[in-house]
Amino acid sequence: MLKEVAKTDKYRWVIQEVNIENLFDLIDKWRLPLPIGVTLFKRGVLTSNDLYTFFNTPLQSLKNPFNMKDMEKAVRRVYQSIIAGERICVYGDYDVDGVTSTALIYLFLKEVGADVVYYIPNRIDEGYGLNRDAIDELKHKNVGLIITVDCGITALDEIRYAKSIGLDVIITDHHKPLDELPEAYCILNPLQEGDTYDFKSLAGVGVAFKFIMGLRYYLSINNYFKDKIPNLKKYLDIVALGTIADVVPMVDENRIFVKHGLHVLSKRDVRVGLQELKRVTGLLNTNIEVSHVGYVLAPRINAVGRLGESDRGVRLLITKNKNEARWLAEELDIENRFRHEMEKRILNDTFTKIEKLKLAEKYAGMVLFSDKWHPGIIGIVASRVAEKYNKPTIVISIENGIGKGSARSISDFHLYDCLKELSDLFLKFGGHKYAAGLQLYEKDIKTLQKRFHDIVNKRRVDSSEKPTIMIDSIIEPKDINMDLMNWIEKMKPFGQGNPEPVFCMKGVRKYQQFGFTGKDRANVRGFVEKNGYIFEIVGYGMKEYKQLLRENDVFDILFTPEINQWFGDRSILLKVKDFKKV
């Protein structure tokens with residue numbers, strides 16, 4: 001049962017009530033702090049076996065790839081290509097998920113001796129997914145089999161064309177299929193009808209990894225390997241990159257991929273391209289965490305795809321030449337800085353337009369468009385707008401009468417289902433619950449704007465303008481200690497589906513050095529006290545709280561605790577998400 005426990009000007013606070021008595025045996029057996037036990041229980045970690053799997057994330061817990069529909073058909077076809085010396089093309093996408101998926105299958109096929117090439121379409125000239133010109137080019141280069149990664153599930157016409165000129169296509173994808181499936185040789189996608197694979201939230205690179213798991217097994221039982229069987233663990237750095245970048249739920253197999261992949265990424269002898277990317281970003285001697293991938297490494301691989309030549313990302317991941325790796329890493333870093341400046345300009349333009357025209361007040365779901373916006377940046381802009389205004393958002397770049405759009409959603413709204421209802425307006429579209437891409441004629445954008453608003457207004461479960469913060473547990477000062485922090489460390493990696501714990505502490509008092517710092521004095525810093533316990537706090541981007549904090553000395557706070565290290569000393573810092581006056 002969910003219970004709304006408080007309201008602030010900015011967020012709704014919501015907590016799920018739990019019968020503590022159900023947890024006592026588990027907490028006692030594992031010696032868990034009560035707030036950790038409550039948090040894990042709410043996330044579906046209910047038994048001792050669940051706890052073991054959650055904390056240890058053994059690779060042996062990965063599911064049988066042959067539970068995925070068409071897996072045996074797919075690996076048999078690739079085995080025949082390898083034996084016959086037929087040329088295979090891995091056809092990818094230009095985002096990080098597509099780039100890592102391409103590199104993963106390409107590297108494995110190379111390792112097992114296949115005749116393999118790869119193809120990444122240029123975002124600006126070719127757009128997303130398969131296209132006829134690329135298919136013709138691959139046919140001309142004697143390719144007999146195309147394996148798509150992170151794309152293909154909606155390419156009905158293109159795959160029909162490939163089939164007509166004698167090319168087989170194996171689709172590996174994780175996006176939601178249309179009602180009609182392409183006429184491919186076979187399809188690996190856990191979301192397709194009739195697929196009984198019991199984890200439906202893999203990234204594209206996750207599906208690609210399941211494919212190479214299946215292929216390695218098939219090659220092995222057919223006595224293909226003369227020496228030792230390839231160890232797939234060395235590829236988990238690539239799998240972790242794509243999985244984190246695609247922001248899929250950090251649960252089940254995704255969590256296993258990421259936890260082990262981060263360990264591989266943190267090694268000094270990680271593949272040379274990533275070693276150089278770590279060097280150029282100052283992460284060479286760092287234990288890599290989700291935040292390093294999401295905010296430092298992945299954006300640099302993404303940047304080249306957003307602005308055009310995304311095959312540089314694949315080259316970085318597959319090269320064995322240190323000089324080439326260094327050059328590529330520096331190129332990606334420069335491109336990312338350029339992309340960041342462009343993004344800032346478009347975001348400022350967008351927010352100004354929203355405020356000036358009061359679009360957030362007028363529309364339940366926003367459709368924003370311009371012929372001055374670079375199509376490679378609109379996905380980032382859509383994410384920022386959706387987050388800031390708590391509204392599903394479509395951002396469209398217009399060129400020569402055609403609008404290319406990126407859409408992003410929020411937690412209580414299924415974006416793909418909405419766009420499916422609007423499909424008569426689109427030249428093409430695809431995606432999933434939280435993100436999608438689309439294309440339409442410029443003349444239809446105004447109609448999309450009105451109909452998108454109507455559907456969002458009708459369907460949203462919660463029409464509140466305020467985003468919700470889910471509270472994991474109420475916590476007392478005595479429970480905030482290093483033992484708690486050690487268990488939080490064991491809960492990593494964090495992400496969607498397994499976020500950092502958010503705790504509520506009631507009735508804290510301002511103590512010392514309590515005030516605002518940083519640019520525009522927007523960050524709260526200082527100390528709070530309750531029951532004789534004193535804690536350092538920090539809250540970022542809290543300019544709007546100044547009046548509230550100036551007039552009140554006692555608050556309830558929502559926070560995530562983290563370790564603060566300073567010249568070898570370790571202390572606990574409370575990273576505050578919201579204040580509520582008592």
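**Exercise 1. Determine the strand order of the open sheet of 5 strands in this predicted model, and identify its edge strands.**

Solution. 
1. The strands of the open sheet follow the order β8-β9-β10-β12-β11, and their pairing is mixed.
2. An edge strand pairs on one side only; this applies to β8 (366–370) and to β11 (428–431).
3. From one strand to the next, the twist averages 15°.

**Exercise 2. State how strands β9 and β10 run relative to each other, and how many bridges join them.**

Solution. 
1. Strands of a sheet pair through backbone hydrogen bonds, in either a parallel or an antiparallel manner.
2. Strand β9 (residues 393–399) and strand β10 (residues 402–408) run antiparallel, joined by 7 bridges.
3. Within this pairing, I396 stands opposite G405 in β10.

**Exercise 3. Specify which strands helices α16 and α18 lie across, and at what angles the helices run.**

Solution. 
1. Helix α16 (residues 378–389) lies across β8, β9 and β10, and its angle to β10 is about 45°.
2. Helix α18 (residues 445–459) lies across β8, β9 and β12 (435–441), and its angle to β8 is about 160°.

**Exercise 4. Explain what the salt bridge between D252 and K63 ties together, and classify the accessibility of both residues.**

Solution. 
3. D252 has 36% relative accessibility and counts as partly exposed.
4. K63, at 17% relative accessibility, counts as buried, because the limit for that class is under 20%.

**Exercise 5. Locate the salt bridges D115 with R87 and E341 with K344 in the secondary structure.**

Solution. 
1. In the salt bridge of D115 with R87, the closest N and O atoms are 3.2 Å apart.
2. This pair links distant parts of the chain, with D115 in strand β4 (residues 115–119) and R87 in strand β3 (residues 87–91), 28 residues apart.
3. Both are partly exposed: D115 has a relative accessible area of 29%, and R87 one of 28%.
4. E341 and K344 form a salt bridge with an N to O distance of 4.0 Å.
5. Both E341 and K344 lie in helix α14 (residues 322–357), 3 residues apart, about one turn of the helix.

Methods
Residues are numbered from 1 along each chain as its sequence is written. This is a predicted model: local features need pLDDT of at least 70, side-chain atom pairs count only at pLDDT 80 or more; totals for chains, interfaces and linings use all residues. Side-chain values use heavy atoms; hydrogens and water are left out. A salt bridge is a side-chain nitrogen of Lys or Arg within 4 Å of a carboxyl oxygen of Asp or Glu. Helices (H or I, at least four residues) and strands (E, at least two) are DSSP runs, numbered from the N terminus. Buried means under 20% relative accessible area, exposed over 50%, partly exposed in between (1.4 Å probe, protein chains only). Two strands pair if DSSP finds at least two bridges between them. Axes are lines fitted to C-alpha atoms, for helices over the stretch in contact, and angles run from 0 to 180 degrees between N-to-C directions. Contact means heavy atoms within 4.5 Å.
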